[in-house]
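Colleague: I have not looked at this one before. Can you take me through a few residues?

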Amino acid sequence: MNNYFKAPWGASLILMSAVLFVILIGMSLFTILGLPSQNTETKLLMVSIPLVVFVGGLLFTVRGYSFNNSTLFIQRLFWKTEIPLAGLKSVEPIPNAMQKSIRTMGNGG
């Protein structure tokens, strides 16, 4: 039995991702277009770091989940992460488990 579930993005995750994309690309463009002549290594570093952060985050995007009797698979953009379910005794949904909690970190995605 193999099941697949998509990992949809909520509105806050889409908004935060778009804002971060604009900020990181803007930083690189500002460095290329707006800074007075700096030494080449510094300029290259200031352009590449925001782009590496963006691409690094993009690589770890979760696209979906699937499972079989013994393994949970987390589908990323280019690979699957396997989590063995050996020793798991039971699973039960609790819809309101996090109802009164306060998110201190993360974006809900």
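Colleague: Where does T61 lie?
Modeller: T61 lies in the loop between helix 2, residues 40–59, and strand 2, residues 64–67. Keep in mind that this is a predicted model.

Colleague: Is T61 buried or exposed?
Modeller: T61 is buried, because its relative accessibility is 13% and the cut-off for buried is under 20%.

Colleague: Which backbone oxygen does the T61 side chain reach?
Modeller: That of L58, at 2.8 Å.

Colleague: And what is T61 in contact with, leaving aside neighbours within four places in sequence?
Modeller: W9, Q75, R76 and L77.

Colleague: Let's take R76 from that list. Where does R76 lie?
Modeller: R76 is in the loop that runs between strand 3 (71–75) and strand 4 (80–84).

Colleague: Which backbone oxygen lies 2.8 Å from a polar atom of the R76 side chain?
Modeller: The backbone oxygen of F60. F60 is also among the contacts of R76 beyond four places in sequence, together with L59, T61, V62, R63 and T81.

Colleague: Switching to the surface. Which residues form the nonpolar patch?
Modeller: V55, L58, L59, F60, L77, F78 and W79 form it, and their accessible area together is about 650 Å².

Colleague: Pick F78. Where does F78 lie, in which loop?
Modeller: F78 is in the loop between strand 3 and strand 4, and R76 lies in the loop between those strands too.

Colleague: Why does F78 count as exposed?
Modeller: Because its relative accessibility is 66%, and exposed means over 50%.

Colleague: New topic, F5. Which strand is that in?
Modeller: F5 lies in strand 1, which covers residues 3–6. F5 counts as partly exposed because its relative accessibility is 47%.

Colleague: How far apart are the C-alpha atoms of F5 and Y65?
Modeller: They are separated by 5.1 Å, although the two residues are 60 residues apart along the chain.

Colleague: And F67, which strand?
Modeller: F67 lies in strand 2. With a relative accessible area of 28%, F67 is partly exposed. F67 and F5 are 62 residues apart in sequence, with 9.1 Å between their C-alpha atoms.

Colleague: One more. Which helix holds M27?
Modeller: Helix 1, residues 11–34.

Colleague: What does M27 count as, and why?
Modeller: M27 counts as partly exposed because its relative accessibility is 42%.

Colleague: How far is M27 from L51 in space?
Modeller: The distance is 9.2 Å, C-alpha to C-alpha, and M27 and L51 are 24 residues apart in sequence.

Terms used: Residues are numbered from 1 along each chain as its sequence is written. This is a predicted model: local features need pLDDT of at least 70, side-chain atom pairs count only at pLDDT 80 or more; totals for chains, interfaces and linings use all residues. Side-chain values use heavy atoms; hydrogens and water are left out. Helices (H or I, at least four residues) and strands (E, at least two) are DSSP runs, numbered from the N terminus. A polar contact is a pair of N or O atoms within 3.5 Å; within protein, one must be able to donate a hydrogen and the other to accept it, and residues adjacent in sequence count only if both atoms are side-chain atoms. Contact means heavy atoms within 4.5 Å. Patches are made of residues with over 30% relative accessible area and no salt bridge: like charges are joined within 9 Å, nonpolar side chains (Val, Leu, Ile, Met, Phe, Trp, Tyr) within 5 Å. Accessible areas come from the Shrake-Rupley method with a 1.4 Å probe; for residues, only the protein chains shown count as cover. A salt bridge is a side-chain nitrogen of Lys or Arg within 4 Å of a carboxyl oxygen of Asp or Glu. Buried means under 20% relative accessible area, exposed over 50%, partly exposed in between (1.4 Å probe, protein chains only).
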